[in-house]
Structures are given as structure tokens and as C-alpha cells.
Amino acid sequence: MKIRIDRFLCHMGIGSRSEIKKFLKTCRVKVNGKPPKSSNTQVDTEKDEILFDDEIVIYKEFTYLMLNKPKDYISATFDPKLSTVLDLLKFPYSNMDLFPVGRLDIDTTGFLILTNDGKFSYNVTNPKKKVNKKYFVKLRDELTKEQKEKIENGIYFEKEDFTTENAKVKELSKKEIYLTISEGKFHQVKRMLEYVGNEVLELKRVSIGNLNLDEELELGDYREITNNEIEKIFR
């Protein structure tokens, strides 16, 4: 694919248009070993070698990050008062137009995907696609057999006129469970447990589809998701 060098570098998070112009003037950018003549210079993303500060920049249409979200960050791109998950990103990802796929509550931790691929985000979050999300849940009280059956059989939320489905509970201990759901309504997991007379004390998303959160990622850390891992989400 052919694209202007300034658009190429902006897309890959190297800088803004004005910053890219400065980088070009100071010869920090090279195409096949030579500084491009102007910001309008066309480059072939598959054939040309583009360097920024002598580091190769490889063009990718879309970027997918696996973030281990910590508490006290909201799943948004901007907020005038609160810290967002984008505040955790460093260069060059901080310069890309990434956004969270779905959301985790401010006090919920775990697996959150950041991307610039709108179609991918739609497919992950649309309940009709039935992409499961699994959560580790620490409860206030021991989960009873009756509570488990209610959760797995579906809970009706009158406000949204909505009944949950495809919920699966795996008991880890008396007060710890894995809960898998395919929807993502507002505060859904917390509301499901509240409905049956229990309370969520700790909530962490551990997988999306068949892709698990990388155990080596510390809270606040992130890494790129591979193409093979993307496929695992939809299997």
C-alpha cells in the first residue's frame, strides 16, 4: 500500500503532523537510507524501509494491545477529572488513536483490549457474537446452590427489560468463583450477584473468548496481541 510519509508516521504514533514536519526537516526520518524530500513523499508500506531515529518503523493498519487494567482508571479515552486507561500508555502507543474495547469498572482489574479497529471492537462487544468474558469474583458470602442456579438460568433486569444468558459458574472456593458471561451490561456481574443476595468484593477479568490474560503482565502493563491470539478470541 502506498501512503504519504507524514500519514504513515502519524498512524504509527511517531508524532503529530506538525511534529512529523520537524522530524523530516532535522533528518530524523529516512526512507531506504535517505531523508525524504517532503512530507508528501509517497512510501510503499510493503517494500520501503522507513527509519525513525535509526529504528525501523513497520506499518500496521490496526494495533491491538492486551492491558492488565489496574484499579482507579476508567475505560474511556478522555475524562476531565479521572485517569483513563490511555494514560497508562507510553510512546508510540500514546500517540495512536486507540480506544478500549468495552469497559471495566473503575474498581475492576484485569484484561482490557485497546485498539484502533472499530469492526473488531464491535465483534467482541456485540452480544449476538457471543464472545465470552470470564471473571474472577471474590464474594462476600459463600455462594449457595440456589444462587448458582439463578445466575446460570438467567436473571431479568427490569430497567433494561433484559435477561442474562450463557452464564457459567465455576466454584474455586467457598467465596471465590469464575463467572463467564457473553453480554456486557452496565455493572452486570455486580448486579447479578446483588440480585441473588450476595456481593462482589473483588472483580478481575481473566479472559476474552479463548484468550487468557498474560500472567506475566503486572497491573498497568500491556503488550501487543498477536494475530494468532486475535483468532483465539473468536474460536
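**Strands and domain contacts**

A: Let's start with β8 and strand β14 (residues 200-208): they run parallel and are joined by 2 bridges. Helices (H or I, at least four residues) and strands (E, at least two) are DSSP runs, numbered from the N terminus, and two strands pair if DSSP finds at least two bridges between them. This is a predicted model, where local features need pLDDT of at least 70 and side-chain atom pairs count only at pLDDT 80 or more, while totals for chains, interfaces and linings use all residues. Residues are numbered from 1 along each chain as its sequence is written, and side-chain values use heavy atoms, with hydrogens and water left out.

Q: OK, which residue stands opposite T109 in β14?

A: That's K204.

Q: What else does β14 pair with, and which way do those strands run?

A: Strand β9 (residues 133-139) is antiparallel to β14, with 7 bridges. β15 also runs antiparallel to β14, with 2 bridges.

Q: Which residue is the bridge partner of K133 in β14?

A: I208. I208 also stands opposite L211 in β15.

Q: And how many residues sit between β14 and β15 in the hairpin?

A: There are 2 residues between them, and G209 in that turn has a positive phi of about 60 degrees.

Q: Switching to domains, what does the assignment give?

A: It gives domain 1 (2-56), domain 2 (64-126 + 211-233) and domain 3 (132-208). Those bounds come from an automatic or database domain assignment.

Q: How many residues are in contact between domain 2 and domain 3?

A: 16 residues of domain 2 are in contact with 12 residues of domain 3, contact meaning heavy atoms within 4.5 Å. The C-alpha centres of these two domains lie 22 Å apart.

Q: What area is buried there?

A: About 1,200 Å² is buried between domain 2 and domain 3, with carbon and sulfur atoms giving 44% of that. Buried area here is the accessible area (1.4 Å probe) that two parts lose on being put together, summed over both. R103, D105 and F111 supply 33% of the area that domain 2 buries against domain 3, more than any other three residues.

Q: How many salt bridges between domain 2 and domain 3?

A: The count is 2, taking a salt bridge as a side-chain nitrogen of Lys or Arg within 4 Å of a carboxyl oxygen of Asp or Glu. D107 forms a salt bridge with K190, where the closest N and O atoms are 2.7 Å apart.

Q: And polar contacts?

A: Across the interface of domain 2 and domain 3 there are 9 residue pairs in polar contact, both residues at pLDDT 80 or more. A polar contact is a pair of N or O atoms within 3.5 Å; within protein, one must be able to donate a hydrogen and the other to accept it, and residues adjacent in sequence count only if both atoms are side-chain atoms.

Q: Which elements give two or more residues to the side of domain 2 that touches domain 3?

A: β8 (109-115), α3 (118-125) and β15 (211-212). β8 gives the most to that side, with 5 residues.

Q: How do the residues on that side divide up?

A: Into 8 nonpolar, 5 polar and 3 charged. Ala, Val, Leu, Ile, Met, Phe, Trp, Tyr, Cys and Pro count as nonpolar, Asp, Glu, Lys and Arg as charged, and the others, Gly among them, as polar.

Q: Back to salt bridges, how many does the rule count, and what does E224 pair with?

A: The count comes to 13 salt bridges. The side chains of E224 and K60 meet in a salt bridge at 2.7 Å, N to O. E224 lies in strand β16 (residues 222-224) and K60 in the loop between β5 and β6 (64-69), so the pair ties together parts that are 164 residues apart in sequence.

Q: What's the strand order in the open sheet of 3 strands?

A: β2-β4-β5, with antiparallel pairing. β2 (29-31) and β5 (55-56) are the edge strands, each pairing on one side only.
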